[in-house]
Amino acid sequence: MNAPTMEQFQQQVSELLLRHRSLLDVMSKLGQSSASVNRAVTKAVTDCGCIELNARKQHYSDELNLENAKETLVNHLSGALCEHCNEVVKSELGRNLFYMTALCNLLQIQLDEVVSEEYNKCSTLGLFNLT
């Protein structure tokens, strides 16, 4: 089964969003769904234990260029999401995507344009994009 295009997904969200059509409702649901993503990942660490977090200060060296620094920095994560946690996190990410798409609809922004512009910006700026 092929994944729907962003345009198809955006159209479906437009058709399904009935209860929260207010901009304020959609913005608050987007924030709430983002918190639910964070909570699902947190529970994978604290309740299930399928992933572990071992965070500490990142050590940057002035001697490393950005490409080499990327290899030395760590994500503080060990393990992998179990099947259950993977499904929960994907579900919460889907809900977050739904409300982000609903916000795009209300503001008459095409989701594929957002992704395309961000992709182009990442391609142009490379490692300097989020530094």
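Q: Hi! At the start of H2, which backbone nitrogen does a side-chain oxygen of Ser22 reach to?
A: That of Leu24, to within 3.2 Å. Helices here are DSSP runs of H or I with at least four residues, strands are E runs of at least two, and both are numbered from the N terminus. This is a predicted model, where local features need pLDDT of at least 70, side-chain atom pairs count only at pLDDT 80 or more, and totals for chains, interfaces and linings use all residues. Residues are numbered from 1 along each chain as its sequence is written, and side-chain values use heavy atoms, leaving out hydrogens and water.

Q: Thanks! Where is the kink in H2 centred?
A: On Thr42, with a kink of about 30°. The bend at a residue is the angle between axes fitted to the seven residues ending there and the seven starting there.

Q: And which residues of H2 are buried?
A: Val26, Leu30, Ser33, Val37, Ala40 and Ala44. Buried means under 20% relative accessible area, exposed over 50% and partly exposed in between, with a 1.4 Å probe and protein chains only.

Q: What covers them?
A: Strand E1 (51-53) and helix H4 (83-106) are included in the cover.

Q: What does Gln10 touch?
A: Leaving aside residues up to four places away in sequence, Gln10 touches Thr101, Cys104, Asn105, Ile109, Gln110 and Leu111. Contact means heavy atoms within 4.5 Å.

Q: And Tyr60, buried or exposed?
A: Tyr60 counts as exposed, because its relative accessibility is 63%. Tyr60 sits in the loop between E1 and helix H3 (66-72).

Terms used. A polar contact is a pair of N or O atoms within 3.5 Å; within protein, one must be able to donate a hydrogen and the other to accept it, and residues adjacent in sequence count only if both atoms are side-chain atoms.
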